[in-house]
Amino acid sequence: MNTVITAAAPNSSPMMSSKEIAELTGKAHKNVIRDIESMIAEIEKDGSNLSHQAKSTGYTVERDNRGYVKIIHLDHSHTITLITGYDAKQRKKVVDRWLELETMPNSISKPIDRITVLRKAIALHGSALAFNKRQGMDLTQARLKAVATVKEQMGIDLTEELGWQAQPLAVQERTVNATEIGREIGLKNTEVNQLLAEQGFCTGLRDLKGRRVWKPTAKGLKFGRYEDKTKAHSSGTVQPWVWFPSIIEELRPFARTPAQTA
């Protein structure tokens, strides 16, 4: 596996090629090129298809003798922005490789100081925040998940480093899981998840081992939140989703257990 270090300046920072990203993530190289082109077009907001050299300095383009894009080299910021939309296992492989690059002799002129690391963490947070909002999360949920993404990928807790509040007081309320909801309405946790899906609050996906994973829909986002922690899962590290107690009343018409009265 060859990593190209662009030598535009004597002490230039390392860059990662689209080919290596493809090898690390298992994606086809042409698809990685496509992803990069889409990312750059969105960043530059001018519909750029790399027909000219980048206006930003975060990437370089290699072309073949016909003028077609052969390889694109990305700096750290552009690489992290690109992989924000990839799954956890793919992201981790790329992040681990970056850690290797940044400790290689002569790859950078001096060790990265804490300020530089925090700047990269904040840049990642911004990219993750934008991605989460595009997925339909409200601002509170998008910020919370972005903080967790930074902690997962870089090991930095911005709530501790910068004093950021992980959750506004408005959402720091009691939460319930499917088992607890089931106790209230007389259903098993599997039946609760199925009912939530039938009513449009979540959707069931399959992980790499074929097991069911439940994700909130746009309708369900206002009835819960992502926890400010991650846990191991067969498909990688995931962030648990929990429900606010208000969801119980949405499911009450389907209950086997009547509502308790004071």
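Helix α8 meets helix α9 through Ala178, Thr179, Ile181, Gly182 and Ile185, which touch Asn189, Val192, Asn193 and Leu195 of α9. By class, the residues of this contact are five nonpolar, four polar and no charged. The model is predicted. α8 covers residues 178-185 and α9 covers residues 189-198. Their axes come within 8 Å and cross at roughly 95°. The two helices are therefore roughly perpendicular to each other.

Asparagine 193 belongs to α9. Its relative accessible area is 15%, so asparagine 193 counts as buried. Leaving aside residues up to four places away in sequence, asparagine 193 touches Ala178, Cys202 and Trp214. Ala178 is also one of the α8 residues in the contact with α9.

**A second helix pair**

Two packed helices are described by the angle between their axes and the distance between the axes. Helix α2 spans residues 29-44. It packs on α3 at an angle of about 105°, with the axes 10 Å apart. That makes α2 roughly perpendicular to α3. From α2, the contact takes in Val32, Asp35, Ile36, Met39 and Ile43. From α3, it takes in His78, Thr81 and Leu82. Five of the residues in this contact are nonpolar, two are polar and one is charged. An α-helix has 3.6 residues a turn, so residues three or four places apart point the same way.

The two pairs are set out below.

| Helix pair | Angle between axes | Distance between axes |
|---|---|---|
| α8 and α9 | roughly 95° | within 8 Å |
| α2 and α3 | about 105° | 10 Å |

Strand β3 runs from residue 69 to residue 74. It pairs with β1 over two bridges, in the antiparallel sense. Here serine 17 stands opposite histidine 73. On the pairing with β2, five bridges join the antiparallel strands. Valine 61 faces isoleucine 72 of β3. β2 and β3 form a hairpin with five residues between the strands. Glycine 67 in this hairpin takes a positive phi near 95°.

**Helix α1**

Helix α1 takes up residues 18-25. Is it mostly covered or mostly open? It is mostly covered, with six of its eight residues buried. Those residues are Ser18, Glu20, Ile21, Ala22, Leu24 and Thr25. Glycine 26 follows α1 and has a positive phi, near 80°.

**Helix α6**

Helix α6 has 16 residues, 139-154. From its first C-alpha to its last it reaches 22 Å, close to the 22 Å expected at 1.5 Å a residue. Its buried residues are Gln141, Ala142, Leu144, Ala146, Val147, Ala148, Thr149, Val150 and Gln153. Just after α6, glycine 155 has a positive phi of about 70°.

Threonine 149 sits in this helix. Why is threonine 149 counted as buried? The reason is its relative accessible area of 11%, because buried means under 20%. Threonine 149 touches Leu124 and Ala128, not counting residues up to four places away in sequence. Alanine 88 is 61 residues from threonine 149 along the chain, and their C-alpha atoms are separated by 9.5 Å.

**An exposed loop residue**

Alanine 218 lies in the loop between β5 (212-216) and β6 (224-226). Is alanine 218 buried or exposed? With 65% relative accessibility, it counts as exposed. Methionine 137 is 81 residues away from alanine 218 in sequence, yet the two are 7.3 Å apart in space, C-alpha to C-alpha.

**The chain as a whole**

The protein chain holds ten helices and nine strands. Of its 262 residues, 42% are buried. Among contacts between residues at least 6 apart in sequence, 50% join residues at least 24 apart.

Definitions and conventions
Residues numbered from 1 in each chain as written. Predicted model: local features only at pLDDT ≥ 70, side-chain atom pairs only at ≥ 80, totals over all residues. Heavy atoms only, no water. Pairing = 2+ DSSP bridges. Helix = DSSP H or I, 4+ residues; strand = E, 2+ residues; numbered from the N terminus. Expected span 1.5 Å × (residues − 1). Buried < 20%, exposed > 50% of the residue type's maximum accessible area, 1.4 Å probe, protein only. Axes fitted to C-alpha atoms, helices over the stretch in contact; angles between N-to-C directions. Parallel < 35°, antiparallel > 145°, perpendicular 65-115°, else oblique. Contact = heavy atoms within 4.5 Å. Nonpolar A, V, L, I, M, F, W, Y, C, P; charged D, E, K, R; others polar.
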